[in-house]
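I set out below what I looked up in this structure, entry by entry. The sequence and the coordinates come before the notes.

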Amino acid sequence: MNPIMQAPTIEYGTLAPMLLVFGAAVLGVLVEAFAPRYLRKVMQVPLTLVSLGGAFALVLVQVIMRGAPTEAVAMGAVAVDGPSLFIWGVILVLSFVCVLLVNDEGHFVASAAAVPGSADEEEAEAAGGAHTEIYPLLLFAVGGMMLFPAAHDLLTMFVGLEVMSLPLYLMCGLARRRRLLSQESSMKYFLLGAFSSAFFLYGTAMLYGYAGTVSLPGINKALAGGALLDPLLLIGFAMLGVGLLFKIGAAPFQAWKPDVYQGAPTPITALMASGTLVAAMGAVLRVFWVGLGNLDWNWRPVMWAVAALTMIVGAVLAITQTDIKRMLAYSSIAHAGFLLIGVMATFDKSQQNAGSLSAILFYLLVYSFTTVGAFAIVTMVRDPGGEAGHLSRWAGLGKRSPLLAGVFAFFLLAFAGIPLTSGFFGKYAVFAAALASGSESGDSLGGWMTGLVVLGVVASAVAAFFYVRVIVLMFFSEPAADGPSIAEPSMGTVAVIAVAALVTVGVGIFPQPMLDVAHQAAANLFIR
Amino acid sequence: MESPVEIVQHTAGGVIGVSWLMIAFPLLGAAILLILGRKTDRWGHLLGVAMSLASFVVAVLAFVELLGLSAEQRRQAVHLYEFIPGMADMGLLIDPLSISFALLITGVGSLIHIYSIGYMSHDPDRRRFFSYLNLFVAAMLLLVLADNYVGLFIGWEGVGLASYLLIGFWQFKPSAAVAAKKAFVVNRVGDFGLLVGMFIMWSATGTFAFAELSEKAGSLSQPMVTAIGLLLLLGACGKSAQLPLQSWLLDAMEGPTPVSALIHAATMVTAGVYLVVRSGAFFFPEGSAQALAVAIVGAATLLAGAIIGCAKDDIKKGLAGSTMSQIGYMMLGAGLGPAGYAFAIGHLITHGFFKADMFLGAGSVMHGMNDEVDMRKYGALRKYMPITFVTFIIGYLAIIGFPLLSGYFTKDGIIETAVEHNQVLGWLAVIGAGITGFYMSRMIFMTFFGEKRWAEDAHPHESPTVMTVPLIVLSIGSIFLGGYLILSNRLMLWLAPAVGRPEELPTFHFASTPGLATLALVAVGAVYAWMKYGRAEVPAVQPRGSFLTTFARRDLYGDALNESLFMRPGQWLTRIAVFFDNRGIDGVVNGLAAGIGGTSGRLRRIQTGFARTYALSILIGAALLTGALLLVGNI
C-alpha cells in the first residue's frame, strides 16, 4: 500500500456525455432555486433538450473521432466501451424524445405536496403550472441510466442504480390525474426498489468477501483461480441477480411493473419502459458476461428458468388485462424474457459472443422506440378524467381516428414481431443467436436452448393474441357513443410518434444499417 | 427450315433502350388513377388515353428503329435490372414478334380507350374503368415484351387480374361478379400448368431466359420437352379459352363491351397463341406430340366455338363464340410449326382489328338500344345507325373470309397450310369456316335487316363521333391489313428472325382446292342464314329448337361437365375440410386458448396490489434463485 494519497485521474473527455447530463441536472436545480417561477419552464426545457442533444452529439463525436477506449476510465470505475456508447446513444435519444412528451401540458400535478382532493390542490390547480423540478429529476435519472450499464465495479454500479431510481420514484408520484393511484405506484416502486437494492448491496458485499474486490474483471479473475462452489460466491451472486432482475422486471420479481406503469404519468412510464429497461439490460449483460463470465455453466441453467418463467408470466397475464398501460407493462415483462434468452446465448469464442451481444443491442433499440411510440399514443386518447386507460374505451377508435389507431396497430404488430416491422428482426436476431449457442458443441444447455427458443416462439404467439385483440377492438368494434376524445397533439407528441413510427418502419424494411451499427458496437465486446 | 436468329444484347441507346417506357406509361396512369381516386374523376379518362397513346408512340418508334436493323440484329435484349438474384433478371426482348404484339396492343388498345370515353360517359366509375384498362395494357405489354418466363408470368397474372377486375366491373350485378370469379378460377387451372411447366424448365435447364432456353432446349430429353410443351399448352388453353378450359369466355361478356373488345377479343385471349409461338423451342419439331396436341386443340375449339356461335341470341355471346373459334384457327396454325406461325400471327393481328371492330360495333348498337343484347329484339337497324352498320359489315366480311378482305388471306393461309400438313385437321377447319359463314350472317340479318322487333322504349340512334371514329379506323384495318401482311410473305419474312420460317416461302393461291371449298361452304352458310333469318320472320321468343340447338345453346354442356366433374366434388372436399377444421383443428386451438385464458385469470389473482405481497414474492424468488444456484453448482 502506498501511504501517500494520490489524486484519482478522471478522463473528462471520455466521460463528457455523462458529465454533461449530470452538469445540466445540477444547473437545473440551481434554476429551480433562483429563477422566478414564470421563467423556470422557459429555462428548463431548452437546458434539458440541449444537454441531452449535446450529450448525444458527444457520443457520436467519440464514436467517430476516437472509437471506444479499450481501458476502463476513472480509475477503473467506468467502462466506456462499444456497448456502453451504443446504450448511451439509445438512452439519450429516448430521453430526448420522452422530454418532448413530458413537455406536454397536463401530465404533471401542479403541487405534489397537496393532499389529493384538498383545497390546497384546487388552489394549486387554479394557479396553473406544474412542477418544473421534473426536468432536473429526469436529467439525474438519465445520468444514472448512463452510469448504471457502464459501471466497471459493483459499487459504481450501485451508485448508478440509485441515481437512476430515486428520481424515478419521485416522478412516478407526480401524475396530475388519478393522483392516489400515482402516489400509490410511487410508494410501491420506492419500497420494492429499496428492497431489491438491499439485495444488490448484500450480494456485492458477499462477492467482495469471496473475491476481495468489487471490480467486475477482478471478480472474474478470482473465479478463474478460486473455488467455484464457495457458498459466499453463489449466494452473493444470487443476491446480485435479484437486484438486477428486479430492475428489468423478470419473473418472479416483476410484480411492481404493472402497478407502477399504470400509476405513473405516462411520459414517465415511457421513459421507464424504454430507458430503464435498456440501462438495466446493459448492466445485466455486464455483470453476467464480464463479472461472472467464468461461471456461465452455473448461472445459465438458472437463468433458463427465469427467462422461461418471465416469458410465460408476461404473455399469459397480459391476456386478461383490461387496462392498456397494464397490458403494455406485461408485454414489457414478456419482452424482458425474450431479451434474457439473448443474455444466455454465450459461446466459447468471443467473436460469436459479439454476435449475440449485437442481437441484444439491436433488440433493445427497436423495442424501446416502439414502446415510446405506443405510450405516446396512450397519452393522446383521453377521457374527461384523464387518459382513457380501460381497453373497452378503445373500442372503435379505428373508425373515429383511423390514422392514430393505424399507427398504434402498427406498433402492436411490431411488438408481436410481425415481419416488415422492426420487432421481427429484433426477435429473429435474438432467437437465432440463442439457437446457435445451443448447437455449439459441448454447450452446457444444448437442446435446452432450442426448447427455450420454442417456448419463446410460443410466448410470442400468445402475446400476438392480445396485441391483435386490441387491433380488432379498435377496428372491428362499434365505437362507444361517449367514447374518449383524441387530444389535439402538440408538436412534441407528433414528433415522438413520428420518430418511433419511422424507426419501426425503417428498421423493419431496411434493418441492415442499424444491424451494422449494433455489430460495430458489439465487435470488441465489453472491456474486461 | 430457317431457325430464328440469336438474341443479341442491346447496347446502343435509342428508343429500344428505353422501351420499358411502353410499360411504364400505362402503369403510371393506373397508379395515378387508383391512388388519387375520386380526385381524378374529371380528367382521369383523358390521362388513361394519353398514357395508352404515349405507349403506342414508343412502340412505333421502337418498331421503326427495329426496321432499320439488319435481320441478324433484330432480336434485341434490353437488360433492366437484377430481379431474383441467381434466378431471373428482368429484361425486355424487342424482336419482330414482340413488337408486332406491342403495336397491336397499344394501337387497338388506344382506339378502344378513345371509344370508351363515349361508351362509359354515363358511368360514375369511368375513372376506375380507365385505371383498370391502363393496368391491363401495362401487364399485357410486360407479358409480350419480357425476355424470360418469369416476367412473362408476372404479366400473365397481371392481365388475369385486370381481366377479373374488368369482367366484374359492374359488381353490383351478381352475374358479373360470378362471371369474374369463374374466369379467375378457370384461369388458375391454366396458370398452374404454366407454372409447373416453368418449374420443370428451371430444374432441367437452370434458366428462365428465352435466349438461353432456346439453346438448351435442344439438349433436353424428348419426354421432358413433351411435358413442358403440354403444360405450356394447358396454360395457353386457360388464357385463350381453348378446349377444355373455354367455359369462362362466354360469361366474361358480363364486362363492359370495350373490355370484351380489348381483352376478350383482340389481345389478352391471344396470349396463349403468343406463348406457343414464343416457346417454339418446346414445340419442335413440327408433328411432335405436343405440337400435334396444339393443332388438335385448335381444330376442336374452332368447331366448338362456331357451333356455340350458331345458337346464341345475345350478340356479345355470339361474338364470344366466334372469338373462341377464331383463336382455334390461330392455335391450329401455331401447332403447325414455323410454316404456320406467320399465318397464325397474321390472323391474330387481323382478327384483333375486325373482332374489335365488331365488338365495338355491338357496343355501339347496345348504346343506342338501351343496353339490350338480345338480337331477337333488334332488326332493321341499318337505317338508324349507318356508320355502325357499314363498319360492322366490313368486319363481318373480313371474318367470313370474303375474298380480298383481311380475314380471307390470313384464315385461308392457315387452312391451306393445315391441309398440307394434316388432311383431317385441315378439312375440319374448312367446315368450321362454313359454319362461320352461317352464324355471322345470322347475326347480321337479325341485327341490321328484317323487321323492327324493338322494345317499346327503344330509340336507336347513331353513336357519338368519339365512338364511331375508332370503328372507322378499325374497319379500314379490317379491309387492307390481311392482304398487306400475307401477299409476298411480308409478315413471314418480318417474323422470321424471331420464330424461324420454312425454307421455301409459300405462294398464296387464289384458287386452291381448300380455298374454293371454303368459299363455297361460306356461301352456303350465308344463304341458309338468309333463308332462316333474313327472309323468314325472326320469332321474338327463342323457339325450342332441336336437341342439337339446345346442345349449342348450353355451350356444348361445358358448364354442366365442369360442374359435375369439378365443382361438386370440390365443394364436397371443402365441406369435409371445413368439418375437419372446425372439429379437429379448431377444437385443439380453442381449447388451448381457453386454457391459457383460464390460467391467466387465475394467475392474475397473485397480483394483489399489496406491496407486502410483492416483497414476499421477491423474497421467495431470491430464495429460489439462491437455492437453484447452489443446487446447480453442486450437481
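Over how many bridges do strand E1 (residues 381-383) of chain A and E2(A) pair, and is the sense parallel or antiparallel? I found 2 bridges in the antiparallel sense. I worked throughout on a predicted model, in which local features need pLDDT of at least 70, side-chain atom pairs count only at pLDDT 80 or more, and totals for chains, interfaces and linings use all residues. Residues are numbered from 1 along each chain as its sequence is written, and chains are lettered from A and ligands numbered from 1 in the order in which they are written.

**Entry 1: the sheet of chain A.** I took helices (H or I, at least four residues) and strands (E, at least two) as DSSP runs, numbered from the N terminus. I counted two strands as paired if DSSP finds at least two bridges between them. In E2(A), A:Gly386 is the bridge partner of A:Asp383. The open sheet has 3 strands in the order E2-E1-E3 (chain A), with antiparallel pairing. Strand E2 (386-387) and strand E3 (485-486) of chain A each have a single partner strand, so one side of each is left without a neighbour in the sheet. I noted that H14(A) packs on this sheet and touches E1, E2 and E3 of chain A. The direction of H14(A) makes about 30° with that of E1(A); axes are lines fitted to C-alpha atoms, for helices over the stretch in contact, and angles run from 0 to 180 degrees between N-to-C directions.

**Entry 2: the cores.** I called a residue buried if 20 or more other C-beta atoms lie within 10 Å of its own, exposed if 12 or fewer, and partly exposed in between, with C-beta atoms placed from the backbone. A nonpolar core is a set of buried Ala, Val, Leu, Ile, Met, Phe, Trp, Tyr and Cys residues joined through C-beta atoms within 7 Å. The largest core has 216 residues, and A:Val21, A:Ile91, A:Ile341, A:Ile360 and A:Val430 touch the most other members. Helix H14 (residues 350-380) of chain A gives the most to this core, 19 residues. A second, separate core holds 202 residues, including B:Phe153 and B:Leu231.

**Entry 3: B:Leu474.** I located B:Leu474 in helix H19 (residues 465-486) of chain B. B:Leu474 counts as buried because it has 29 C-beta neighbours inside 10 Å. Beyond four places in sequence, the contacts of B:Leu474 (C-beta atoms, placed from the backbone, within 7 Å) are B:Leu111, B:Phe353, B:Ala356, B:Asp357 and B:Leu360.

Entry 4: Strand E2 (residues 76-84) of chain B pairs with E3(B) in the antiparallel sense over 7 bridges. B:Gln76 stands opposite B:Ile94 in E3(B). Strand E3 (residues 88-94) of chain B has 5 of its 7 residues buried, so it is largely enclosed by the rest of the structure. Just after H9(B), I noted that B:Ala241 takes a positive phi of about 55°.

**Entry 5: where the chains meet.** I found 25 residues of chain B in contact with 33 residues of chain A. H24(B) supplies the largest share of the side of chain B that touches chain A, 16 residues.

**Entry 6: chain totals.** Chain A has 20 helices and 3 strands, and 60% of its 528 residues count as buried. Chain B has 24 helices and 3 strands, and 54% of its 635 residues count as buried.

Key. Contact = placed C-beta atoms within 7 Å.
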